[in-house]
Amino acid sequence: MSDGDKNPAAIAEPVLDVQGDDRWMSLHNRYVADTKDKEPDVLFVGDSLVQLLHQFEIWRELFSPLHALNFGVGGDTTQHVIWRLQNGELENISPKVIVVWVGTNNHKHTAEQVAGGIEAIVHLLNQHQPQAKVLILGLLPRGKDPNPLREKNSKVNELVRGELEAEGGGGKASYLDVDPGFVHSDGTISHNDMYDYLHLSRAAYGTVCRLLHPRILQLLGESGVEPPTLPPDP
């Protein structure tokens, strides 16, 4: 599906520093430095939906106890993630689970190309981190009202889920839908869930993470990692 090197969404590409402050590369270099002195069991990689998760209490409650690292960068596309992973962010670490959440920023690409870019990330992770189980999170709907980008994200999810199920992932890659139903019956998304109709509110992150956390625990258990005991929900 990725069409090899012909798919622009599957070709590694760094972010062009058009603002002139080199923030993207500085953040990447910080993540590379993190790999040299931390030993994560879980690695999150992706765009702003991954990066912003780190700022909420739900991260410290559910994922910090799992020895998780967050390598999210706002605005990243599949090709940006591929570049980062090929340039140091997978060195020196051996996570048991790698969570990937990226693709909604690939505005210039078709659904087929975005799906191919995500699959290229899966293949890269399987090659460089063969011990890790890869978990691909489905792209969320976006925009207050129905729109083409929402339709494209849905198509990407359909393609990625179908491809992973067809391949079986070799037991190393799987798909998880973390949309609890953000689109209401009238086709709208509430600002209470997505404050700008793209990024998640605190409450929405809590809902998404309650879907994600049990799957990560399951994958860690399959990898022989004893999960920490967490306090019961209030």
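**View 1. Contacts and overall build of the predicted model.** Residues 24 or more positions apart account for 81% of the protein's contacts (heavy atoms within 4.5 Å) that have a separation of 6 or more. The model is predicted, and local features need pLDDT of at least 70. Residues are numbered from 1 along each chain as its sequence is written. The protein has seven helices and five strands, where helices (H or I, at least four residues) and strands (E, at least two) are DSSP runs numbered from the N terminus. With a radius of gyration of 17 Å over C-alpha atoms, close to the 17 Å from the globule rule (2.2 Å times the number of residues to the power 0.38), the protein of 234 residues is as compact as a globular protein of that length.

View 2. Five strands with parallel pairing lie in the order 2-1-3-4-5; two strands pair if DSSP finds at least two bridges between them. Strand 2 (68-72) and strand 5 (173-176) are the edge strands, each pairing on one side only.

**View 3. Strands 4 and 5.** Strand 4 (residues 133-137) pairs with strand 5 in the parallel sense over four bridges. Here Val134 stands opposite Ala173 of strand 5.

**View 4. Helices on the sheet.** Helix 4 (residues 78-86) packs on the sheet and touches strand 1 (42-46) and strand 2, its direction making about 135° with that of strand 1. Angles run from 0 to 180 degrees between N-to-C directions, with axes fitted to C-alpha atoms, for helices over the stretch in contact. Helix 5 (residues 111-128) lies across strand 3 (97-101), strand 4 and strand 5, at about 165° to strand 4.

Key. This is a predicted model: local features need pLDDT of at least 70, side-chain atom pairs count only at pLDDT 80 or more; totals for chains, interfaces and linings use all residues. Side-chain values use heavy atoms; hydrogens and water are left out.
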